[in-house]
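Please read the following account with the sequence and the model side by side.

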Amino acid sequence: MTRRYSALSLFKEGLAGQKGWEPAWRSPEPKKTYDAIVIGGGGHGLATAYYLAKNHGITNVALLEKGWIGGGNTGRNTTVVRSNYYYPESVAIYDLAHRLYEGLSADLNYNVMLSQRGMVFLAHSINEMEITARTVNAMQINGIDAEIFSVDDVRRVAPMLNFSPNARFPILGGGWQGRAGTARHDAVAWGYARGASRLGVDIIQNCEITDFIIEGGRCRGVHTTRGSIRADRIGMAVAGHSSVLAAKAGFRLPVNSYALQACVSEPVKPILDTVVLSPGTGVYVSQSDKGEIVIGGALDRIPSYGQRGNLPVLEGVIAGLLEMFPTFAQLKLMRQWAGIVDVVPDSSPIIGESPLPNLFINCGWGTGGFKAIPAGGTLLAHLLATGKHHDISRPFDLDRFAFGRLLDEAAGSGIAH
Amino acid sequence: MQLFTCPFCGPRDETEFHFGGESGNLRPDGTDVTADRWASYLYMRDNPKGAAREIWVHMNCGEFFVMERDTVNHKVETSIALDSAEHA
Amino acid sequence: MTASRLSSGGSAIDRSRPISFNFDGRTVQGFEGDTIASALLAADVAVVGRSFKYHRPRGIWGAGVEEPNALVDVAGSVRATPNTRATTEPARSGLVAKSVNASPNAAADRNAFIDRFSRFIPAAFYYKTFMWPDWHLFEPRIRAVAGLGKVDPDWKSPGPADQINRHCDVLVVGAGPAGLAAAKLAAGAGKSVILVDDQPLPGGSLLHRDAEIDGKPAAAWIDETAAELKGAGHLVLSSTTAFGIYDHNLIALNQRHNDGRPDTLWRVRSRQIVLATGAIERPLPFANNDLPGIMSADAALAYLRRYAVLVGRRIVVATNNDSAYEVAVALATAGADVTLVEIRKNALPAAPSGVKLLAGRTLVSARGGMRVEGVTLDDGTSLAADSVVVSGDWTPTVHLFCQARGKLAWDETRAAFLPGDPVEGISVAGALSGAVALSDVFSSAAKATSAIGETKTKAPRSTGAEATGGVLAAWPIPGAKGRVWIDYQNDVTAKDVELAARENFVSVEHLKRYTTLGMATDQGKTSNLVGLALMANITGRTVPEVGTTTYRPPFTPVPLASFSGALGGELMSPVRRLPLENVHRANRAVFQEYGGWLRPAHYGGAGADADRTIQDEARRARQSVALFDGSTLGKIEVMGPKAAEFVDFIYYNTMSTLKPGRCRYGFMLSENGVVFDDGILVRLDENRFVVSCSTSHVASVHARLEEWRQDRFGRGAVYIHNATSEMATLTVSGPNSKKLLEALDLGLSLDDADLPHMAIGEGRFGEDAVRIARVSFTGDRSYEVSIRADRAEPLWARMQETGKALDAVTIGLEALMILRAEKGYIVIGKDTDGTTLPHDLGVDGPRTKRKNEYVGRRSLFTDVAVQDSRLQFVGLTVAEGEPPLATGTHAIAKSGGKLRSQGFVTSSYHSPTLGRPIALALIERGASRHGETIDLQHLGMLRHATITGPCAFDPSGERLNA
Amino acid sequence: MRNLAEKWAVVPDWQTAAIEVPGLAIRSLAGLSQYLVSGKLDAWSKASGVSALGVGAFGKAEGDCYAAQVARDRMLVVSATPLGIEPGWHDAGFGVTVVSAGLQVFEAEGSATAELIARATTLDSSAGSASAALSFAGANAVVYRHGDRLRIHVDRGLATYLWTWMETAARNIAATAKG
């Protein structure tokens with residue numbers, strides 16, 4: 001059986017009809033007890049299981065997934081990786097993720113295709129240029145690579161943009177993070193799954209949590225569609241459905257579930273080399289390695305658990321795209337979909353022990369969970385292994401809402417609420 | 001594009017409406033409200049999957065109302081004006 | 001020559017109107033009514049494109065929307081569109097079509113060599129390599145070969161797409177026999193009907209399959225039925241694809257036009273939807289089943305009957321079901337030498353006349369290079385052929401049903417997924433419902449419309465020969481030799497599916513993502529089920545156990561332009577216009593967008609040095625008198641018996657103590673305590689207030705007031721009227737403002753005793769009432785004069801005229817921003833952010849003193865609200881001779897060797913009156929640090945500044961009454 | 001600093017502005033007195049003599065003085081001549097605000113008026129709705145019929161936008177009729 005991935009093994013397997021590859025991850029039957037349980041087989045859950053094993057040596061771990069791993073938001077997002085945040089607390093967490101992403105393919109021996117093609121965030125008015133300056137200054141102070149872009153700089157990286165002074169949203173310049181880019185979403189999930197499985201983690205699919213086992217006021221395991229499984233440390237990373245599991249565990253979260261849409265065009269030869277964000281028009285776009293224009297949608301306006309797209313939001317998003325890239329109007333929409341995201345009042349994640357002792361949560365990433373997967377996994381694994389916060393996760397505890405210590409990036413970028 | 005029913009105007013396109021929060025989230029007055037109670041009012045949500053009871057406003061006529069709907073299949077059950085709904 | 005145009009026939013083409021177009025550099029002749037594909041076939045063009053991954057030569061597979069291979073970039077005299085399906089695009093003179101993913105062309109593609117390395121680059125190979133030294137080294141080359149068509153960078157928009165909303169009782173999707181019958185029956189029940197079909201003509205399969213209906217040839221019945229519907233006022237849309245079903249029975253249609261107009265988007269809300277979307281023919285699995293010249297049997301028949309194109313001379317027809325028999329006979333009748341290879345041994349339809357039948361035989365491979373040359377059967381028989389037409393049976397087109405959350409049920413006898421439990425508001429008919437024989441199709445249409453109402457129309461009857469549905473499933477066999485292609489466009493073979501299974505990607509979603517099966521522009525219309533069945537076979541499960549793929553909109557790719565419609569340019573986020581906009585235009589105003597309004601930034605004219613003009617306006621405003629159009633400020637009336645109690649609750653400041661005729665400045669907070677808006681509240685009388693809010697917050701303040709009214713006070717307690725647009729507000733400010741106003745003779749006393757600061761007065765200008773509010777955003781004596789918006793022009797003209805003698809200056813918003821910054825007056829959202837609490841701005845009185853409830857109150861006492869490290873509002877001064885600080889500059893401190901932000905500059909200007917830079921900032925503990933010099937950083941540059949109070953000009957406020 | 005006025009259409013001269021395509025003519029209508037009236041609408045009716053029943057969306061108003069319902073307890077009262085009623089709060093239980101200049105009125109007529117409606121709103125014009133306030137081309141407007149014509153009241157600040165939008169729609173309507 002071929003285990004290690006490399007050009008050479010691929011070549012050898014090519015000569016042998018690609019018949020020697022072993023399963024990317026094992027699918028064992030669940031055991032009755034584990035040292036730790038991770039609920040949720042998305043990127044965050046899989047990364048948690050992997051880092052539990054790798055960083056903390058805890059390998060007797062079950063990862064429970066309701067459907068198929070990577071089938072939720074991990075496989076439905078627009079794959080952008082970046083760390084251009086305003087507050088030092090946010091920078092710390094997203095920078096941790098960003099740096100781990102930079103070494104992830106080598107760490108996992110799985111090409112996650114991290115493509116650091118840079119990201120420009122556009123400014124359409126003098127006021128937006130000032131806010132961009134404020135954000136870029138904050139990033140530089142916090143040690144993140146960021147610079148101010150002039151119109152000519154923007155033109156250099158994204159020549160297809162609408163530079164007409166008559167554009168509805170003229171481009172005055174913007175901010176730039178060169179280390180930003182995209183990664184292959186499925187590969188992140190599968191790479192972590194393969195890594196975790198090899199270190200001993202049991203990945204159990206089609207295993208839905210029906211209830212928590214609560215004894216003496218503490219969480220002691222879970223009842224599932226595949227039987228009861230016990231452990232004294234349980235972590236959950238179930239974006240989109242955090243409130244549903246929280247309700248089973250007897251607490252509430254500051255979360256509303258909304259559909260976030262995305263869509264892709266038919267594949268075309270390369271025309272857009274960087275990630276472009278235009279806050280004024282809501283455009284969040286890049287071109288995949290396959291050639292599809294990947295269009296990030298706006299959050300839906302209606303709370304929902306229905307994983308499907310709708311028309312009004314899509315129309316607005318595409319109108320914004322064509323305003324910024326008029327020549328894209330010759331393209332056709334190929335696929336439209338939606339994921340369910342946890343929307344938190346301050347749009348920052350929630351990481352920490354839940355009100356039910358022994359149950360630890362990682363949720364609330366809103367529209368930006370993908371880029372944080374390595375950090376979310378590292379921090380939840382740390383909590384599960386030590387019972388204590390990592391310094392980086394401490395500010396993101398659920399207790400911040402009662403203290404009023406919100407970490408609102410939107411507020412920090414000049415938006416009055 | 002969903003159709004919501006304004007208790008006054010009748011069925012209208014979803015784009016004419018705005019989500020106003022979960023029904024039953026009553027405001028505690030005063031400064032002696034505990035931090036947890038206040039945070040619960042401000043931030044904590046049931047966020048149900050399935051049957052939901054929510055406050056909506058029809059932006060064109062300004063009517064605030066309680067709507068019961070399903071957050072998965074999006075079926076709308078009832079719409080009642082806020083001042084005639086119990087425990088709004 | 002193999003494929004050719006017959007000398008007669010072809011129901012879709014008009015031989016009297018020849019056309020010619022260009023394909024890959026050569027001229028192709030055709031007729032009006034041809035598709036690009038039919039014309040290419042008639043011209044015997046075998047290779048029309050290259051596959052996505054291996055650059056395999058590919059020919060035309062189908063005759064409709066399912067086409068995986070024949071994609072072309074179209075340009076020339078038509079609008080450029082990449083990745084156009086040649087099988088559905090009408091051929092037109094002047095059109096230039098170029099095969100995709102091929103250079104220089106499909107026949108001779110320089111990347112064709114990649115196919116020779118295919119064994120080393122199976123499904124998902126990229127996850128296993130390109131890691132050393134770094135993916136970035138390989139990615140540019142991978143990107144360059146990926147993608148299909150090319151975007152034309154010089155493309156010009158033909159104008160916005162039309163978007164139309166419609167309502168109807170019954171929408172029927174598909175105008176084949178089932179759809180036509182359903183529409184006819186629904187119309188007969190007195191319902192309003194919309195019938196849509198993606199083909200240029202109604203008829204569906206009846207356009208090329210033999211049928212007789214109500215004793216008439218099918219063609220006559222189609223025309224009659226369509227004419228009947230149109231005649232009764234129903235809408236029949238051709239060339240229109242129903243691509244998405246959304247919540248509450250909203251169905252989205254994309255309509256194509258042939259006159260150069262962009263496509264039209266229709267949003268139809270229908271009480272009932274009848275899906276009669278038909279079925280799509282699948283390929284058969286055998287090695288090299290992707291060679292050019294291998295084609296869907298149904299497509300071969302469509303090309304023959306509709307376009308008079310015979311696809312070959314020596315044709316092998318291969319099938320596992322009854323539907324190909326009609327094809328074989330028709331091809332033979334048209335003059336081809338036809339051999340029918342039939343998988344089944346028993347229970348066969350009647351032997352096809354003129355056709356050589358090989359029953360119980362299976363195709364195992366095809367041979368050829370740039371086109372098929374022959375096939376080998378399971379018994380080793382080799383047959384020569386210039387065309388192989390295959391039918392692997394039919395996949396019902398369930399896409400829209402699934403989009404509507406319909407669940408599918410596996411039908412073992414039909415070897416297909418059919419619509420399962422009914423979905424409210426949706427019914428299914430025809431091949432989609434599993435019907436094969438025309439009489440079954442018609443009874444399914446009757447059933448689909450039975451719940452709609454009693455119809456006065458008789459259901460049509462099939463009076464001719466009927467199709468039969470015999471089939472023996474023929475799925476790919478694991479371990480078969482050679483390359484058996486499943487997804488043609490994305491180059492997925494049976495071996496790739498086997499590899500996925502080996503590596504544990506056994507669920508349908510994993511299979512799809514790992515191998516990219518079904519992810520191409522055709523969305524797997526011919527391949528999904530084949531892949532599923534193979535995975536089932538490999539893993540020992542049934543097909544439904546493996547699952548069905550999720551079908552998402554759009555059914556076929558839809559132009560992005562259809563979605564945006566007119567939503568672009570001026571019609572996107574429209575700016576509001578001032579009543580006096582044209583007057584300001586004539587007065588050399590240079591406009592900018594502020595808070596959703598188009599407003600004068602300054603009055604220096606387009607060629608002026610803006611900075612100098614703005615400085616000049618700000619300087620002169622302090623010298624004598626300034627005129628300013630402040631019409632955009634919100635004017636929301638609050639009326640009713642509990643109006644005073646209401647405004648007390650809404651504002652941070654106590655407002656109920658305000659006397660009629662007076663004004664008070666105050667904050668509105670959000671429930672989280674953050675300052676949401678600031679402005680003046682006017683009390684007109686006991687029960688009537690006017691809320692003057694920030695320009696950009698009018699809608700949101702109005703919504704908040706209405707919410708608290710209905711949620712806390714009750715409908716009868718108070719009423720809210722937004723009257724912002726009713727009045728223009730013209731501001732007169734400066735030491736000579738009173739003098740100017742007196743000269744206008746507005747009929748009220750302007751004595752400070754009668755009209756002190758923060759009071760209002762009522763006067764008249766000509767016939768119109770004016771309201772004068774003595775409030776100031778400049779720090780100078782100021783009067784805001786409000787008058788009906790449509791009568792403001794004469795008053796403004798009088799002000800200008802009168803002002804001449806006083807050296808009055810008309811100022812734009814930029815000068816006003818300097819004037820208010822000199823005074824340290826805030827602009828919400830600029831000098832504050834989403835964390836700023838009122839006491840951060842130095843307004844702590846209500847927080848510590850107020851006893852009654854107000855919005856946001858409890859949030860002012862959280863741990864964070866009372867901590868002393870908060871950012872507080874201050875002024876900053878720089879050393880003499882230094883330039884202004886940049887807005888967005890951060891104050892910094894070093895702790896533990898690391899930089900840390902201590903706040904930032906929110907507003908910064910050069911003050912012409914003070915002759916030095918001024919700046920406002922939010923700085924950590926700033927209020928207690930006046931006099932301290934701090935470090936600041938902007939884009940890496942270090943600066944220094946001294947913290948002061950926010951007010952830099954006239955701190956004692958004497959000028960308010962000067 | 002670029003003068004953005006150059007890229008936005010000039011505010012039309014409303015006295016002469018007209019949109020005309022086959023089957024559709026749109027003009028601005030000046031001189032109407034308009035009032036927002038909230039509260040006890042019966043009391044208002046008694047005081048003013050104007051009916052307390054306002055027309056709803058696409059409802060048919062008649063005469064020189066009528067009302068359109070814009071909310072459960074609010075009407076837009078429209079009159080060809082000024083009504084002699086004081087703005088402000090009336091102790092009988094209603095409040096009045098003059099919006100004669102605040103709302104611009106457009107009038108559309110012709111056989112293609114339905115086509116204009118089909119592009120401006122998703123609301124079914126044959127179904128009716130208790131209030132005449134609706135989203136028309138994305139702007140909150142009051143829309144009803146007056147005689148054979150369609151009347152559209154829209155915030156004055158958005159009148160130029162709506163005009164440009166209707167010009168675009170009219171072009172599409174003409175092209176569809178021709179195609």
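Two strands are taken to pair if DSSP finds at least two bridges between them, and strands themselves are DSSP runs (E, at least two residues), as helices are (H or I, at least four), numbered from the N terminus. This is a predicted model, in which local features need pLDDT of at least 70, side-chain atom pairs count only at pLDDT 80 or more, and totals for chains, interfaces and linings use all residues. Residues are numbered from 1 along each chain as its sequence is written, while chains are lettered from A in the order in which they are written.

By that criterion, S5(A) and strand S6 (residues 173-177) of chain A are joined by 3 bridges and run antiparallel; within this pair, Ile148(A) has Gly175(A) of S6(A) as its bridge partner. Both strands belong to an open sheet of 9 strands with mixed pairing, ordered S5(A)-S6(A)-S4(A)-S14(A)-S15(A)-S16(A)-S13(A)-S17(A)-S33(C). Because strand S5 (147-149) of chain A and strand S33 (558-559) of chain C each have a single partner strand, they stand at the edges, and one side of each is left without a neighbour in the sheet.

Chain C holds an open sheet of 5 strands, again with mixed pairing, in the order S3-S2-S8-S6-S7. Its edge strands, S3 (26-32) and S7 (81-85) of chain C, each pair on one side only. Strand S6 (residues 71-76) of chain C pairs with S7(C) in the antiparallel sense over 3 bridges, and Leu71(C) stands opposite Arg85(C) in S7(C).

In chain D, Ala127(D) lies in the loop between helix H2 (113-120) and strand S10 (133-136). Ala127(D) and Arg27(D) are 100 residues apart in sequence and 26 Å apart in space, C-alpha to C-alpha.

Technical notes. Heavy atoms only, no water.
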